[in-house]
Amino acid sequence: MSEPAVADTRRLNSKPQDLTDAYGPPSNFLEIDVYDPQIVGVGRNRYTTYEVRMKTNLPIFKLKDSCVRRRYSDFEWLKNELERDSKIVVPPLPGKALKRQLPFRGDEGLFEESFLEERRAGLEQFINRIAGHPLAQNERCLHMFLQEESIDRNYIPGKRKPSAAPASCTFISTSRHNAGGNVRAVSTL
Amino acid sequence: MSFFGFGQSADIDIVLNDAETRKKAEHKSEDGRKDKYFLFFDGETVSGKLNVTLKYPGKRLEHNGIKIEFIGQIELYYDRGNHHEFVSLVKDLARPGELTQSQTYDFEFTHVEKPYESYTGQNVKLRYFLRATVSRRLSDISKELDIVVHTLSTYPELNSSIKMEVGIEDCLHIEFEYNKSKYHLKDVIVGKIYFLLVRIKIKHMEIDIIKRETTGTGPNVYHENDTVAKYEIMDGAPVRGESIPIRLFLAGYEITPTMRDINKKFSVRYYLNLVLIDEEERRYFKQQEITLWRKGDIVRKSMSHQAISAAQRFEGSSNPEKSQSKNAEDDS
């Protein structure tokens, strides 16, 4: 076998990309908007709700377009459910702003415009980060939060798919035999 | 006799016969310093002279024997007291007696077996050295000369590519391919990543070379992982059907040949780690072992016949005539 003096660095043969793949819509489209804060209730029992609108083409979400109203404590509930049940590190929520709930403030407290905007942006960032996480997408609580009219706090927590997702973001080989290649059919870490 | 510094003593010095012509190789020491040592291969003869120079001329040096040893040993850092010697040769140079003047002794260790490559790692060290000793009643005089040994291989007869389809269900499917499974230390890894399904938002992709040093046996096994290289191969999000090429030159990195179960004491293995990072800094990775081997350098006409036959001790079959003609071709 005569050996080359210089290594062959030419690219490996690859399939040319299909134009519909190249110019088609991405398969990972996921956009969630948190907007339109509305104050609900009267006097001391007022609270703010936000509209949470989701647009996606990920097959894991039943509705490709959904729109629900949620309040801050709903986001807290979601965070707690995910921290308890899923193995992911849940990103932080914007602050609880307890000080703003005290009386005798000079401003509107919890309903001050600049504060609402800050909180809205924080909630939007939070939900986008969560919803994009493949392990969070498996949790029923996330789907209920995003796509059901109201949150049933007495729901039975669980995974959306009965077959468990991988415990960490490592690949599972789904390989089949390839000419000249190795075969591995076992998940590796 | 030497309590008060009045007794006779001597400086000893080991000099190799081929010190002028023998190549030196760089080797990292335990504290990270890089030094150059004489380079030897399996089967080469180690010969030289031991110079014993008396400190105070005219005075006698009494001794219980002068010897020189050639030692190959493995030292585990967590068990420093025990050195595991896998090569131990000794030549007696002088019987107990006395020296009245400085003296030079010739020694030769003929066609010494050096089965393993010199290695200094995080938990283990394998080294070869000459040790000369002038034995005395109270304190010996000794000197060590370290050498470096490289183990050479030739192009393996079987070197299949690595090709695999991996994925996370409904989330990310890729097919990756590396052109070989065995690479020499100055080789190029040529490969490609083909995206079958991308449902996450990928920010970039890199390939890492990970060195794993394993020491110990049974319940006391230590693994030390070290990322030897990180090489970004894609910046930005891929689209379905896209092929990303890989071309990674190994010569620039600090790597050694793969060592498997050396003297049943340690292993050094290498892995390619393909890492995809999404927009939230989540990492998706696939590790794949590769075998690294050391290719013999181009044989120069001036190289000793000894070294040529040593360089022909190959893994896998190789016809000595054929490899000599190959070397002659390369030597332009």
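Trainee: Before we start, what are the ground rules for numbering and confidence here?
Mentor: Residues count from 1 along each chain as its sequence is written, while chains are lettered from A and ligands numbered from 1 in the order in which they are written. The model is predicted, so to speak: local features need pLDDT of at least 70, side-chain atom pairs count only at pLDDT 80 or more, totals for chains, interfaces and linings use all residues, and side-chain values use heavy atoms, with hydrogens and water left out.

Trainee: What does the model score for ipTM and pTM?
Mentor: ipTM is 0.70 and pTM is 0.79.

Trainee: And what's the average pLDDT of chain B?
Mentor: It averages 87, and 88% of the residues score at least 70; pLDDT is the predictor's confidence in each residue, from 0 to 100. Over residues 313–332 of chain B the value is below 50, and that stretch has 26 contacts in the model beyond near neighbours in sequence. Contact here means heavy atoms within 4.5 Å.

Trainee: How many helices and strands are in chain B?
Mentor: There are 2 helices and 22 strands. These are DSSP runs numbered from the N terminus: helices are H or I with at least four residues, strands are E with at least two.

Trainee: What share of chain B is buried?
Mentor: Buried residues are 51% of its 332. The cut-offs are under 20% relative accessible area for buried, over 50% for exposed and partly exposed in between, with a 1.4 Å probe and protein chains only. Taking chain B contacts with a separation of 6 or more, 68% are between residues 24 or more positions apart.

Trainee: Why is the pair of Phe176(B) and Tyr178(B) called tilted?
Mentor: Because the planes are at 45°, with the ring centres 5.2 Å apart. Phe176(B) is buried at 1% relative accessibility, and Tyr178(B) is buried at 0%.

Trainee: Which residues form one aromatic cluster?
Mentor: Phe70(B), Phe86(B), Phe107(B), Phe109(B), Tyr116(B) and Tyr128(B).

Trainee: Where does the charged end of Lys24(B) sit?
Mentor: Over the ring of Phe38(B), 4.8 Å from its centre. In chain A, the charged end of Arg70(A) sits over the ring of Phe145(A), 5.4 Å from the centre. That label needs NZ of Lys or CZ of Arg within 6 Å of the ring centre and within 35 degrees of the ring normal.

Trainee: Where is the place of Arg136(B)?
Mentor: In the loop between strand E11 (124–134) and strand E12 (141–149) of chain B.

Trainee: Buried or exposed?
Mentor: Arg136(B) counts as buried, because its relative accessibility is 16%. A polar atom of its side chain lies 3.0 Å from the backbone oxygen of Ser139(B). Leaving aside neighbours within four places in sequence, Arg136(B) has contacts that include Gln8(B), Leu61(B) and His63(B). His63(B) is 73 residues away along the chain, yet the C-alpha atoms are separated by 4.7 Å.

Key:
Rings of Phe, Tyr and Trp (its six-membered ring) pair if their centres lie within 6.5 Å; planes under 30 degrees apart count as stacked, over 60 as edge-to-face and the rest as tilted. A polar contact is a pair of N or O atoms within 3.5 Å; within protein, one must be able to donate a hydrogen and the other to accept it, and residues adjacent in sequence count only if both atoms are side-chain atoms.
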